[in-house]
Amino acid sequence: MIFQQETSWHHSDGRAPLWRHNGLAGEEAAHHASWTYTASTPLRSALLMRSMPLWYRFDLSPAWVPRNPTRPDRLIWDTHSGTAHDHVVELLTRSAARIPGAVYRPSTPCSGTIQLGSGSAQLISNG
C-alpha cells in the first residue's frame, strides 16, 4: 500500500503500473540489448557502483558509448571542475574505492583503456 502511494504519480495518466503487466512494458523491452551480458558487463557494473563519487565528487558528465564493430566500449566524460584524467583513473584503479582487478593502460594524457577480466573500455576525458 505504501509502495502504491509513493509511486502513484508515475501512472496518473491512466497507464497501469509496470508491476501489473504480465510481461515487459514497451519502455522496458526497448532497452533489453543494453542489459545483455557481454565481456564488459562486470566492468560496466563496477563503474556504475562508483558513479556517485565520479560524477558528484569530480563534477563529471559521463556518457557510456557501446561498442560497435570498429571500436570498443567507451566511457567518455566532460569535466566541469578541472579534474585531471589521472584523478579519475586513480579512483578507479588505486584508491580504497578501486575496482578490484582492474588494470589501466594509458594511450594519451586524456585517454586509455581500463580492463577487468576479458572486458575493457576506453576511458576518455574531454575538457
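Predicted model: local features only at pLDDT ≥ 70, side-chain atom pairs only at ≥ 80, totals over all residues.

Residues are numbered from 1 along each chain as its sequence is written, and side-chain values use heavy atoms, with hydrogens and water left out.

The chain holds five helices and five strands, where helices (H or I, at least four residues) and strands (E, at least two) are DSSP runs numbered from the N terminus. Along the sequence they follow the pattern α-α-α-α-β-β-α-β-β-β. Of the 127 residues, 31% are buried, a word that stands for under 20% relative accessible area, with exposed meaning over 50% and partly exposed lying in between (1.4 Å probe, protein chains only). Among contacts (heavy atoms within 4.5 Å) with a separation of 6 or more, 39% link residues 24 or more positions apart.

The five strands form an open sheet in the order β1-β2-β5-β4-β3, with mixed pairing; two strands pair if DSSP finds at least two bridges between them. Its edge strands are β1 (60–65) and β3 (103–108), each of which pairs on one side only, and the twist averages 20 degrees from one strand to the next. Taken pair by pair, β1 and β2 run antiparallel over six bridges, and within this pairing L60 has T79 of β2 as its bridge partner. β2 and β5 run parallel and are joined by five bridges, with R74 partnered by Q122 in β5. β4 (residues 111–116) and β5 (residues 119–126) are again antiparallel, over six bridges, and L116 stands opposite G119 in β5. Helix α5 (residues 85–93) packs on this sheet and touches β1, β2 (74–79), β3, β4 and β5, its direction making about 150 degrees with that of β5; the axes are lines fitted to C-alpha atoms, for helices over the stretch in contact, and angles run from 0 to 180 degrees between N-to-C directions.

The largest nonpolar core has 20 residues, and those with the most contacts inside it are L43, L54, V88, L92, I99, I114 and L123. Such a core is a set of buried Ala, Val, Leu, Ile, Met, Phe, Trp, Tyr and Cys residues joined through side-chain atoms within 4.5 Å. At least two residues come from each of α3 (41–49), α4 (51–57), β2, α5, β4 and β5, and α5 gives the most, with four. In α3 the buried residues are T41, L43, A46 and L47, and their cover includes α4, β1, β2, α5, β4 and β5. Leaving aside residues up to four places away in sequence, L54 touches L47, D59, L60, V88, L91 and L92. With that same exclusion W55, in helix α4, touches L60, P62 and L75. D59, in the loop between α4 and β1, has a positive phi near 55 degrees although it is not glycine, and it counts as partly exposed because its relative accessibility is 35%.

S40, in the loop between α2 (26–29) and α3, counts as buried because its relative accessibility is 0%. Beyond residues up to four places away in sequence, S40 touches W64, R67, D73, G119 and S120. Two of these residues, R67 and D73, form a salt bridge whose closest N and O atoms are 3.2 Å apart, the term meaning a side-chain nitrogen of Lys or Arg within 4 Å of a carboxyl oxygen of Asp or Glu. A search of the whole structure finds one salt bridge. Its two ends fall into separate classes: D73 is buried, with a relative accessible area of 3%, whereas R67 is partly exposed, at 43%.
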